[in-house]
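Subject: Structure handover

Hello,

Here is the structure you are taking over. Please look through it before reading on; my notes follow below.

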Amino acid sequence: MSIIEKALDKNRARQPVPETTAEQAAAPEAATREPERWREPVSQEVSIDFAWLRKQGLIVPGDQRSSVAEEFRMMKRPLLNNAFGRHAAMRVPKGRLIMITSSLPGEGKTFTSVNLALSMAMELERTVLLVDADVSRPAIPRTLGFHADLGLMDVLSEPDIQIRDVLLRTNVENLTVLPAGRPHGRSTEILASDVMRDLVDDLHDRYEDRIILFDSPPLLATSEPGVLATHMGQVVMVVEADRTPASTVERAMHQLDSCGVVLTSLNRATPGIGIGGQYYGGSYYGIERDHVADTSAR
């Protein structure tokens, strides 16, 4: 060893060994955590009134098996298969973004949205975000039995309001609600904006186990659902049996051309109503093959 090397070793020996602080010790772990901007702390909690759900004929978590629960167990399966197919090549692009709509008011879209959310929240290793996107006539909080003020429109129109400020954690495990928020005169333009697209992409990309359900306005009642559909991977079209004319459904379907997968749910149907879907206890659901990709094999 040279004189220079011996001097360097002697100098190192004299230097005190720096103490490892708690922050430094945790640094490797911190480096693997999600960046702060991806975290989604929910600042509020709400309690869903199970008695109110039962009174409306909705699925009640923890209750014994019921016909409505069985209907939605069967209805959700093709949606989940499209979103989480075993093989990535078979998954629908952005299949975890699902819009529930109808042609006209009163056909049962909110009933379907809430029941699908409650049923999907029972899945293992899945979480559900239910978005009240019927911003002119929001119904999700009332249907679930709680009050909400701020929500989607406030996040999109007020830069100071963050998504974490309006998300509501519920007493149903794995179910979170995003209310519609306060009405806005330019709601269609806001839903068509880059801000909305960025928000939807952010909500979709943040958690890979999350299904996001959007309770949309009726397609023929306002221009908003046609815009909203451009962000979606799947659409559930609720049609009331023996009430909505086929010509009305066809007109509504034209607004969904941007979405590749549209499943139909025939509400209040009677048995023996056709081929290509499934019937159980009053609801028929299948695939509108003229407008969508065939997902029945998935």
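Helices here are DSSP runs of H or I with at least four residues, strands are runs of E with at least two, and both are numbered from the N terminus. Counted this way, the protein has 12 helices and 10 strands. Please keep in mind that this is a predicted model.

First, the protein overall. It comprises 298 residues, and 47% of them count as buried. The exposed surface comes to about 15700 Å², with 51% of that area supplied by carbon and sulfur atoms. As for contacts between residues at least 6 apart in sequence, 74% of them link residues at least 24 apart.

Next, two residues with a backbone angle to note.

Glu125 is not a glycine, yet its phi is positive, at about 60 degrees. Where does Glu125 lie? Its place is the loop that runs between helix 6 (109-120) and strand 3 (127-132). The relative accessible area of Glu125 is 70%. Exposed means over 50%, so Glu125 falls in the exposed class.

Asp242 is not a glycine either, and has a positive phi of about 60 degrees. This residue sits in a loop as well, the one between strand 7 (234-240) and helix 12 (246-253). Is Asp242 buried or exposed? Its relative accessibility is 76%, and the cut-off for exposed is over 50%, so Asp242 counts as exposed.

When you open the model, the loops holding Glu125 and Asp242 are where to find these two angles.

Regards

How values were computed. Residues are numbered from 1 along each chain as its sequence is written. This is a predicted model: local features need pLDDT of at least 70, side-chain atom pairs count only at pLDDT 80 or more; totals for chains, interfaces and linings use all residues. Side-chain values use heavy atoms; hydrogens and water are left out. Buried means under 20% relative accessible area, exposed over 50%, partly exposed in between (1.4 Å probe, protein chains only). Contact means heavy atoms within 4.5 Å. Accessible areas come from the Shrake-Rupley method with a 1.4 Å probe; for residues, only the protein chains shown count as cover.
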